Amino acid sequence: MSLLCVRVKEAKLQGSPDKFNTYVTLKVQNVKSTTVAVRGDQPCWEQDFMFEISRLDLGLTVEMWNKGLIWDTMVGTVWIPLNTIRQSDEEGPGEWSALEAEVLMKDDEICGTKNPTPHKILLDARFELPFAPEEAADAVKPDPGWARDFKCEHLRHLWVLYIFCNFEDRGRFYFCCMLYS
């Protein structure tokens, strides 16, 4: 299993700023995540998403939608093969992708996009580098006042370390998952 991290950064849209109220959906391996809607022709989301990936022969489908009163309309889409996404433990500046109007299908699976639109989206997609057990132990030094370690489980030669952190000042739980073999 690999951990795919995607940051939806911003977009450049052609047209009047007041006609756009856009959001982005990310789809991979039957999982869908959505950003908030942002108004204007240069929307900025800066939202992070994580996906557990088991098949690298598939792709990440990115769709941009314009929110409407009755129904939403697609602004454009892009398909990114998972085997082309970089591996890194650090965020990058991202890459601009041109949005296209249609998806290409093969054997009931998306395999690409066609018919360019004038719109672009900036995404930073990367696979987290796996940690060695020694590195994970050094990297994670939870403060017992706000964090609690849970037992590591060995599952098919993959160690998964879960750490739940309760940030009381934010009033929410933050889930952090590190994969290492």
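Strands S2 and S6 (residues 59-66) pair in the antiparallel sense, over six bridges. Strands here are DSSP runs of E with at least two residues, numbered from the N terminus. Two strands count as paired if DSSP finds at least two bridges between them. The model is a predicted one: local features need pLDDT of at least 70, side-chain atom pairs count only at pLDDT 80 or more, and totals for chains, interfaces and linings use all residues. Residues are numbered from 1 along each chain as its sequence is written, and side-chain values use heavy atoms, with hydrogens and water left out.

Strand S2 spans residues 21-28. Seven of its eight residues are buried. Buried means under 20% relative accessible area, exposed means over 50%, and partly exposed lies in between (1.4 Å probe, protein chains only). Strand S4 (residues 38-39) is another antiparallel partner of S2, with two bridges. Threonine 22 stands opposite valine 38 in S4.

The hairpin of S2 and S3 has two residues between the strands. Glutamine 29 takes a positive phi near 50° in this hairpin. Asparagine 30 lies in the loop between S2 and S3. The phi of asparagine 30 is near 65°, a positive value in a residue other than glycine. Most residues other than glycine have a negative phi. Asparagine 30 counts as exposed because its relative accessibility is 86%. A positive phi is also found at aspartate 108, near 65°. Aspartate 108 sits in the loop between strand S9 (95-106) and strand S10 (109-127). With 75% relative accessibility, aspartate 108 counts as exposed.

Charged pairs were examined next. Side chains of opposite charge can pair when their charged atoms come close. A salt bridge is scored when a side-chain nitrogen of Lys or Arg lies within 4 Å of a carboxyl oxygen of Asp or Glu. A search of the whole structure finds seven salt bridges. One of them joins the side chains of glutamate 63 and lysine 27, at 3.2 Å from N to O. This pair links distant parts of the chain: glutamate 63 belongs to strand S6 and lysine 27 to strand S2, 36 residues apart. Glutamate 63 counts as buried because its relative accessibility is 9%. Lysine 27 has 30% relative accessibility, so lysine 27 counts as partly exposed.

Arginine 55 and aspartate 57 form another side-chain salt bridge, at 2.7 Å from N to O. Arginine 55 is partly exposed, with a relative accessible area of 37%. Aspartate 57 is exposed, with a relative accessible area of 55%. The side chains of glutamate 128 and arginine 126 also meet in a salt bridge, at 2.5 Å from N to O. Glutamate 128 has 25% relative accessibility and counts as partly exposed. Arginine 126 has 9% relative accessibility and counts as buried. Salt bridges also link Arg7, Glu46, Asp48 and Glu91 in a network.

A nonpolar patch lies on the surface. It is formed by Leu69, Ile70 and Trp71, with about 490 Å² of accessible area together. Accessible areas come from the Shrake-Rupley method with a 1.4 Å probe; for residues, only the protein chains shown count as cover. Patches are made of residues with over 30% relative accessible area and no salt bridge; like charges are joined within 9 Å, and nonpolar side chains (Val, Leu, Ile, Met, Phe, Trp, Tyr) within 5 Å. Leucine 69 lies in the loop between S6 and strand S7 (73-81). Leucine 69 is exposed because its relative accessible area is 91%.

Serine 97 is found in strand S9. Serine 97 is buried, with a relative accessible area of 16%. Its contacts (heavy atoms within 4.5 Å) are with Val78, His119, Lys120 and Ile121, not counting residues up to four places away in sequence.

Terms used:
Helices (H or I, at least four residues) and strands (E, at least two) are DSSP runs, numbered from the N terminus.
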